[in-house]
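Here is a friendly briefing to read alongside your structure.

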Amino acid sequence: MATASREAVKQSVLGYSDVHPFSKVDITDRASVQELLKTLLDPLEPHFSPNKARIRVPGGTAVRFDNTAAEIEGTCRPLWALSSLLAGGGEYHGTKWWVEGLKAGTDPENPEYWGDPRDNDQRMVDMCPLGFTLAAAPVFWDSLSEKEKGNVERWLGNSINEKVMPNTNWLWFRVFANLGLKKNGGKYSQEKIEQDIIHLNSFFRGEGWSNDGPEGVWQQDYYSGSFAIQFLQLLYAKLAEKDDPAKAAEFKKRAQDYALDFIHYFDEEGRAVPFGRSVGYRFAMAGFWGACAYADIELPAPLTWGIVKGLLLRNFRWWQTQEQIWSPTGTLTIGYCFPNMYMAENYNSPQSPMWACLAFICLAAPQDHPFWTSTEELYPTHLIPKVKALKHPGHIISYLGGHRLLLSSGQACSYPMKGTHAKYGGFAYSSAYGYSVPTGCFTLEQFALASQLGLSDDGGEFWKTRRLCQEAIIETHEDLPVLKSIWKPYPDVAIKTYLIPPVETTPNWHLRVHKIEAGREVMTADGAFAIYNERVPDGRYLDLYDPKKCEGTMPKIIGNYDLNTPEGYSPGAIGAFAVSRGAVGIVALEADTLRTAMHVNADPNSNLVESRTIIPTLLHTLKKGETAWYLTAIYAKPLKENVSPSTYLDGWDTKPAIPSWLMTDISSN
């Protein structure tokens with residue numbers, strides 16, 4: 001029976017020039033978003049196990065937990081979307097697949113049983129969308145026999161309540177496991193719900209922001225917002241508003257405060273700024289906005305439902321333009337704008353990207369909610385500051401220059417993570433350019449130090465960058481916020497870094513200033529943003545800049561560390577730039593600079609947004625005992641609709657001024 005039905009399943013295959021159905025939906029209203037959602041669920045059908053308890057999509061790569069838990073992700077994560085659709089009165093022909101999967105997965109006698117959770121088990125994560133599904137979509141619980149309800153109670157509630165959990169956002173997952181059972185009259189632990197929320201509240205830092213962990217950890221990335229904490233606070237506020245009105249009101253108030261900061265992480269085109277871990281969850285980055293509608297918060301001025309609607313729908317539309325994010329069978333892949341294992345976390349299975357489905361929580365808001373009835377509005381550029389300091393995450397956001405520029409200091413992942421220095425320790429992040437991660441640990445090509453300062457004490461084989469800060473604060477100088485950090489890549493090398501946002505007179509430039517006290521001889525490499533390294537029309541590497549084509553590099557791309565070929569380098573005071581999809585560049589502003597400008601031809605697939613990139617970079621070597629000030633100016637003018645390529649370098653010749661307070665600091669030291 002199962003075999004026959006599986007043979008009847010039609011599997012979609014994306015060929016050379018095929019476009020995924022996701023990219024064909026004209027996103028305008030609630031019905032179109034429902035249609036968009038179904039383009040994610042439909043390709044999963046042939047990837048179900050025979051009893052529907054597991055989903056295995058193309059990929060075949062391993063994670064730090066067992067494959068069964070990885071395949072549970074495949075079943076449970078799409079429930080974020082399916083349950084939201086059902087909660088809002090929608091229908092899906094494949095709902096029965098997930099109902100059958102729930103029955104089989106929680107049945108200890110079924111060969112596809114999901115397995116008993118252990119301490120700190122990955123299964124706990126996916127109990128969260130399952131718990132929400134039980135609470136929001138009654139068809140699941142109502143489809144169970146008494147025995148099957150007992151199986152769900154045992155697997156979902158009793159098991160997680162008896163186990164140790166990480167001291168992070170994971171505690172919300174146990175809240176929702178219990179909440180799903182509570183909503184249906186099942187066996188649950190009110191004590192655990194209350195204890196966990198009390199502990200989660202200890203992560204709260206003020207003005208809407210929560211840390212993803214206890215005191216001593218500074219990690220406020222998308223898990224603080226759309227991926228977990230803010231998102232789940234709002235879902236709890238909706239589901240528990242009658243039983244727990246005080247907490248519901250508090251969580252809505254936090255969302256109001258947070259929204260006024262979080263809007264700065266998106267740009268006019270709908271892109272979010274990639275920052276931190278797990279950005280491979282893609283459109284989940286915008287899920288907070290739909291959760292605001294589901295919880296029906298009162299929006300703080302100047303936000304309106306038309307603005308919020310636009311933030312979410314434009315994000316969906318931007319992802320529609322990213323046609324390389326799909327597997328051949330139409331499922332999401334590990335990566336960002338294309339499949340990419342270099343950026344993947346050790347917990348990213350081929351099924352993990354379906355956490356993106358939480359962005360469809362907007363569909364749980366009723367059809368007559370003002371989120372749906374309001375006319376979509378443009379990004380409110382004219383209503384919010386062009387430069388803003390966000391003290392809790394340690395960020396300064398700038399709207400100048402045609403993209404969302406995020407300057408960052410202080411955050412760090414609390415445990416060893418691949419590429420952690422790039423995901424949290426970079427100086428600047430952009431909605432247009434994305435960050436770069438290392439592909440290996442040998443030479444600058446592999447380290448790909450975009451928006452980072454690297455130091456090497458072995459002649460350029462291994463490079464150390466900023467990962468941990470001894471101090472990171474936001475100061476104000478001449479009415480402009482400035483980030484200052486103190487960090488030590490080596491025990492005897494101390495660095496003070498200032499990050500200064502753009503100003504109106506030079507909107508495409510920001511400043512990065514380092515005071516380096518070298519207790520050993522070190523090479524330094526100061527990198528700009530990474531940019532697309534393909535020429536029109538044949539896709540080969542960029543040539544020397546041609547002003548007629550408005551494309552190319554200055555100096556010429558030769559090879560890393562090759563300072564003997566004159567065409568491959570220029571003096572640091574002249575700098576280096578590259579023009580393709582926009583322009584980026586770097587120049588040394590310190591007097592009589594000894595730094596040299598060149599291009600790092602970064603390893604392919606090191607960047608999240610573009611698969612082939614180069615990084616304009618300044619090189620220098622400091623002797624042991626030497627102290628130096630680097631005054632680095634970073635240029636960025638991205639590709640944008642209605643911006644002519646002939647204007648990409650318009651601001652290049654007008655270098656930013658060095659602030660007087662900084663010159664005083666330098667002279668006094």
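This is a predicted model: local features need pLDDT of at least 70, side-chain atom pairs count only at pLDDT 80 or more; totals for chains, interfaces and linings use all residues.

The eight-stranded open sheet has antiparallel pairing, and the largest pocket has a volume of about 590 Å³.

**The eight-stranded sheet**
- Reading across this open sheet, the strands come in the order β8-β9-β10-β11-β20-β17-β16-β14, with antiparallel pairing.
- At its edges stand β8 (471–477) and β14 (552–554), each of which pairs on one side only.
- From one strand to the next, the twist averages 15 degrees.
- Inside the sheet, β16 (residues 576–580) and β17 (residues 582–588) are joined by five bridges in the antiparallel sense.
- In that pair, valine 579 sits opposite alanine 583 of β17.
- Helix α18 (residues 660–668) packs on the sheet and touches β8, β9 (480–490), β10 (493–500), β11 (509–518) and β20 (627–638).
- The direction of α18 makes about 165 degrees with that of β10.

**The four-stranded sheet**
- This open sheet runs β3-β4-β5-β6, and its pairing is antiparallel.
- Because β3 (387–390) and β6 (428–430) are the edge strands with a single partner each, one side of each has no neighbour in the sheet.
- Here the twist averages 20 degrees from one strand to the next.
- Four bridges link β4 (residues 395–398) with β5 (residues 405–408) in the antiparallel sense.
- Isoleucine 397 faces leucine 406 in β5.

**A helix pair**
- Two packed helices are described by the angle between their axes and the distance between the axes.
- For α8 (residues 146–161) and α9 (residues 171–182), the axes come within 9 Å and cross at roughly 145 degrees.
- The crossing of α8 and α9 is left-handed.
- On the α8 side, the contact involves Val152, Glu153, Leu156, Gly157, Ile160 and Asn161.
- Their counterparts in α9 are Phe173, Arg174, Ala177, Asn178 and Leu181.
- By class, the residues of the α8–α9 contact are six nonpolar, three polar and two charged.

**The pockets**
- The largest pocket is lined by 25 residues, and Gln322, Arg581, Val609, Glu610 and Leu639 lie nearest its centre.
- Its lining has 11 nonpolar, five polar and nine charged residues.
- The second largest pocket holds about 370 Å³ of space.
- Of the 21 residues that line the second largest pocket, Arg64, Trp170, Arg277, Tyr347 and Tyr415 lie nearest its centre.
- The lining of the second largest pocket has 11 nonpolar, six polar and four charged residues.

How values were computed
Residues are numbered from 1 along each chain as its sequence is written. Side-chain values use heavy atoms; hydrogens and water are left out. Axes are lines fitted to C-alpha atoms, for helices over the stretch in contact, and angles run from 0 to 180 degrees between N-to-C directions. Helices (H or I, at least four residues) and strands (E, at least two) are DSSP runs, numbered from the N terminus. A crossing is left-handed if the near helix is turned anticlockwise from the far one by less than a right angle, and right-handed if clockwise. Contact means heavy atoms within 4.5 Å. Ala, Val, Leu, Ile, Met, Phe, Trp, Tyr, Cys and Pro count as nonpolar, Asp, Glu, Lys and Arg as charged, and the others, Gly among them, as polar. On a 1 Å grid over the protein atoms alone, a cavity is a set of points where a 1.4 Å probe fits but cannot get out, and a pocket is an open set with protein on both sides within 12 Å along at least five of seven lines; lining residues have an atom within 4 Å of a point. Grid points are joined across faces, edges and corners, and a volume is the space filled by probe spheres set on the points. Two strands pair if DSSP finds at least two bridges between them.
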